[in-house]
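Good morning, and thank you for making time for this item.

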Amino acid sequence: MGAIPLVLGLAAGLLTALAPASAQAADTDLAAGQAAGGWTAKIRRTEFGIPHVLAQDFGGLGYGYGYAFAQDNLCQLADQVVTVRGERSRRYGPDGQTVDRLGNLDSDTYQQSLLRSGTVRKLLDKPAPLGPTAEARQLVDGYVAGYNRYLHDTGVDRLPDPSCRGKDWVGPITADDLWNILYGVNTLAGVARKETATAVPGAGATAPAAFDAAAGATGPAALKAAGAPADTPDTGSNAWAIGRDASRDGHGLLLANPHLPWVGSERFYQAQLTIPGVLDMGGAGLYGLPFLQIGHTAGLAWSHTTSYADHATFYRLSLVPGDPTAYLVDGKVERMTAQTVPVTVRAADGTLSTVERTVYRSRQGFVLASGWTDKQAYTLRDANADNLRSLNEWIAMGRSQNLDQLRQAQRTYQGAPWVYTTAVDTSGTTYFTDSSAVPHLPDEQRARCLVDDPMIDGLLNGSTTACDPGNDPQARVPGVFGPADHPTLSRTDYVANSNNGPYLTNADAPLAGLPAVYNGGPQLASRPQLGLRMIADRRAGADGLGAPGFTLGTLQDTMFGNRVQSAELDRDDAVALCRAHPQITASDGTGVDVRAACDVLAAWNTRGDADSRGTVLWQAYRDALAGTRTRAWQTVPYDPAEPLTTPRGIAADSPDAQRAFADAVRALAARGLPVNAAIGDVQRWAGVPLHGCAGQIGCFNVLTAGPSSGAGGGTYPASGASVPHGSSFVMATELTDRGPRTRTLLTYGESADPTSPHFTDQTRRYAAKQWVTERFTEAEIRSAPGLTVTTLRR
C-alpha cells in the first residue's frame with residue numbers, strides 16, 4: 001500500500017509532462033459548450049470520410065469519436081456487444097461462430113463466466129495505474145454516450161447498414177460493454193481465444209470439441225492437437241522506424257503496416273483526436289476501443305506488431321485418482337472451482353431455452369476442454385488476466401511528443417498486452433521494445449519445469465509451486481517481467497519488426513541473451529528476412545529507387561514494391577527443376593506436363609503486383625513444398641552467418657520438389673485457374689483486384705483474399721469461408737522540424753457497410769498504389785474539399 005501515493009504521483013506528473021508542444025487553438029464553439037456544462041465535440045470529416053474529432057476534454061472527445069464511429073460502423077460494434085454480453089446463442093443460435101472461430105455456445109459460456117465472476121468490474125474498482133485513470137473513464141463514458149446518441153437520433157429501423165437494420169439485438173450500449181471489449185482485446189493472446197472445459201470426464205458428459213489452438217496473432221505457443229485451423233493466416237504486422245542515419249534528410253520516419261482480418265472486430269478505424277493544449281494524435285484504432293493504438297503526434301510516431309513472446313502459459317495438472325476435479329500441488333490436494341453458467345439459446349423456430357454449463361478453474365486459470373482425462377488436465381495462466389491498463393497507456397502514448405515521454409508512459413502503466421512497440425521521434429532516434437505482459441519465467445526455472453507432452457508445446461509442470469511465475473518488484477502486477485528486463489533497442493539508423501522475435505530488430509545489433517519466453521532465437525521467417533533486406537537495399541540505393549537513404553516517397557515505394565523473399569531466393573532453382581523435368585508424376589499418380597507452368601515462372605517478375613502472372617502458381621508450389629514430410633529438397637540449410645538469406649535453394653533432383661511442382665499445377669487446375677493466373681484475378685475485395693500475397697511465401701505486403709471477398713459487406717463470412725486478411729491501416733510518416741508529413745491508406749475504407757461510399761473508396765486507392773495525404777493541422781483540415789462539420793452537444 002505504501003507504493004500507491006508514488007504511483008499516483010507518477011501518473012499525475014505524466015499528464016502534465018505530455019501536453020503537446022504545439023496544440024491546436026481552442027475552438028470558440030467548444031469553449032462555449034463546455035462553459036454551459038456537458039460534453040461538446042466537433043466532427044470534421046475530410047476526404048474518404050476520415051473524422052477529425054475536436055473537443056475540450058476527454059468526455060467530449062469520446063462523445064465525438066463514439067458518434068463518428070457509430071455513423072460508419074454501428075452494426076459492427078453492436079455485434080461485439082452481443083459477444084461480450086454472452087448473448088450470441090440467444091440472438092443468433094448456438095451453432096454459429098465468433099470471428100475467432102469459437103462456437104457461439106462456447107463463447108457465451110466464457111463471457112457469462114467472466115460477467116458472473118465480476119472479473120472486469122473488480123479491475124475497474126482499482127485505482128490508477130492498475131485501474132483506469134480519470135481520463136480513460138471519461139473517454140469511455142463519452143464514447144458510449146456518442147454511440148447511443150447516434151442510435152437514438154437515427155433509430156434502429158432507419159440504420160443505413162442492412163446487416164443490422166431493424167434487428168432486435170441492436171440497442172444502447174453501456175460503459176461495462178466497452179470495458180469488456182477492451183478486456184477481450186487484452187486477452188486475445190490467452191483465454192479470449194481458448195475454449196474452457198464445461199464437463200467433467202467420466203461424469204456422464206463429454207467436453208465439447210475444443211478450438212484450443214493459439215490464433216495466428218497470439219504468438220507461437222500452440223496446442224499440437226485440438227484442431228487448429230489449417231488455414232490460420234499470417235496475421236501480424238510490419239513496422240519500421242527509420243532514424244536520422246538511414247534517412248536522406250536526417251529525419252525520423254515510421255512505416256506502420258498491421259496485417260489483420262478485413263472483417264470483424266479486428267478492423268481498424270482511422271481518425272484524428274484533438275483536445276487543444278492536451279492531445280493531438282492522428283492514426284487508427286481497433287473497432288470497439290475508444291482510442292487509437294497506432295499513429296503519431298507532432299513529435300513522435302509509433303506502431304505495434306504482434307509480440308512473439310509467451311503471454312499465456314499452459315500447465316499440466318496431475319489429478320487425484322478417482323476425482324477428476326482435484327489435483328496435486330506440492331503433494332497437497334487442491335480442488336478446481338466449479339461455476340455453473342446459464343446460457344440462453346435460440347432454437348431454429350425462435351423459441352428460447354436455457355442451457356447450463358459448468359466452467360472449471362484451477363489455481364493457474366481456466367481448465368481447457370481438450371486432453372482432460374482421469375489422470376491429467378491442462379490449464380491456462382494468462383499474463384493479461386488482470387490487465388485493464390492498456391487504455392491508460394495508449395492515452396499517455398497519444399500525448400507523448402518524444403521517446404522519453406513514450407517510455408515514461410509505458411513504465412507508468414505497463415499496459416501493452418501482446419504487442420511490440422516500434423517508434424521514432426523528431427530527433428531521428430528510433431526505439432523498439434517488447435513491454436508486453438510476459439510471464440516471469442527465467443530460463444533456468446522454465447527449463448526445469450518444462451514437461452514433454454504430445455499435446456502442447458512449452459507445457460509446464462502444474463504440480464509444484466516452484467513452476468509458478470515469479471514476482472518482479474518493478475512490475476505493476478505479480479507474475480510478469482518488469483521494465484528492466486524488457487527487450488529494448490534504441491538506434492539512430494533503424495529498428496524493425498515483422499513478427500519475428502526481438503533478436504534481429506536491427507541486423508547489425510542482435511539482441512542476444514533474452515529469456516526463452518521472449519522467443520529471442522536467431523532464425524527468422526522469410527517475411528522478416530525480406531524486411532531487413534529491403535532496408536539494407538534502400539540504405540545502399542540498390543533497390544532501383546534512386547540515391548541511398550529513405551525519404552517519405554521511397555518509404556512508400558518500398559512498402560508497395562511487393563517483393564517476395566522465397567521467389568528472389570528460389571525461383572531460378574524451380575525453373576531449372578521444371579526445365580529438367582517437363583513431365584512429372586503428381587502425388588495421385590497422374591502424369592503432369594509442366595512446361596507451360598515452367599514458362600510462367602521463368603517470365604514472372606517475382607513480385608506480388610495485382611497483374612503479376614506467376615504469384616498464384618508460386619504460392620501453390622510453396623504450399624505443396626510445405627506439405628512434404630522433410631525438407632530434403634532444400635539445398636542450403638539455415639546458417640547463422642547468413643541470417644537473411646538462409647535456408648534457401650531447391651534441388652532439381654529431389655523427388656519431393658518435383659512432385660510438389662506437379663501437385664501445384666494440379667491444384668490450380670482443380671480450382672479452375674490457369675497456370676498464368678494473376679494474383680489480382682483470385683483475390684478481390686468487392687470486385688477490386690488486390691496486390692500483395694501470402695506472408696508464408698515471404699511477401700512483405702501481406703494480403704490474401706478470395707475472388708468474392710467483400711461481396712457481402714464487411715461482415716464475417718459463413719463458417720468455412722476464407723477470411724481476407726493482411727495490410728489494413730498503412731501509414732508512412734516523416735517527422736520534420738515543421739511538423740509531421742504523413743501518407744495513409746485504410747485498405748478497406750472507414751465503413752464495413754456495403755452501402756456506404758467509404759466501403760471501397762480507399763480499396764480502389766490501395767489497388768492503384770495511391771496514398772492519402774493526411775490532413776493534420778487546422779489549416780489542412782479546413783481547406784479539405786467537401787469538408788463537413790458536425791457539432792454535438794450533450
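I shall speak about a sheet, a strand with its partners, a helix and the disulfides.

First, a word on the source: this is a predicted model, in which local features need pLDDT of at least 70 and side-chain atom pairs count only at pLDDT 80 or more, while totals for chains, interfaces and linings use all residues. Residues are numbered from 1 along each chain as its sequence is written, and side-chain values use heavy atoms, with hydrogens and water left out.

Let me begin with the sheet. Ten strands form an open sheet, and their order is β18-β16-β15-β8-β7-β6-β5-β2-β1-β31. The pairing in this sheet is mixed. At its edges are β18 (488-491) and β31 (788-793), each of which pairs on one side only. On average, neighbouring strands of the sheet are turned by 20° against each other, direction ignored. Two strands pair if DSSP finds at least two bridges between them.

Helix α9 (residues 390-398) lies across β6 (279-286), β8 (300-306) and β15 (419-425), and runs at about 150° to β8. Such angles run from 0 to 180 degrees between N-to-C directions, with axes fitted to C-alpha atoms, for helices over the stretch in contact; contact means heavy atoms within 4.5 Å.

I turn now to strand β9, residues 312-320.

Which strands does β9 pair with? With strand β14 (residues 376-382) the pairing is antiparallel, over seven bridges, and Arg316 has Tyr378 in β14 as its bridge partner. With β17 the sense is parallel, over two bridges; there Tyr315 stands opposite Leu460. With strand β10 (residues 323-329) β9 runs antiparallel, joined by two bridges, and Val320 is partnered by Asp323. β9 and β10 form a hairpin with two residues between them, and Gly322 in the turn has a positive phi of about 85°.

Next, helix α15, residues 595-603. Its buried residues are Ala597, Cys598, Val600 and Leu601. Seen down the helix axis, they fall within an arc of 160°, so they line one face of α15. The arc is that of the directions from the helix axis to the C-beta atoms. The face turned away from this buried side carries Arg595 and Ala603, both exposed. The buried residues pack against α14 (565-580), α16 (615-626) and α17 (655-670).

That brings me to the disulfides, of which the structure holds four. The criterion is a pair of cysteine sulfur atoms within 2.5 Å. With the bonded cysteines of the chain numbered in sequence order, the pairing is 1-2, 3-4, 5-6, 7-8.

Cys578 lies in helix α14 and Cys598 in helix α15, so the pair ties together parts that are 20 residues apart in sequence. The torsion about the S-S bond is about 75°, so this disulfide is right-handed. Cys578 is buried, at a relative accessible area of 1%, and Cys598 is buried at 0%.

Another joins Cys449 to Cys467, S to S 2.0 Å. Cys449 lies in helix α11 (residues 443-449) and Cys467 in the loop between β17 (460-461) and β18, so parts that are 18 residues apart in sequence are tied together. This link is left-handed, with -95° about the S-S bond, and both cysteines are buried.

Finally, Cys693 and Cys699 form a disulfide with sulfur atoms 2.2 Å apart. The link is right-handed, with 95° about the S-S bond, and Cys693 and Cys699 are both buried.

Technical notes: Helix = DSSP H or I, 4+ residues; strand = E, 2+ residues; numbered from the N terminus. Buried < 20%, exposed > 50% of the residue type's maximum accessible area, 1.4 Å probe, protein only.
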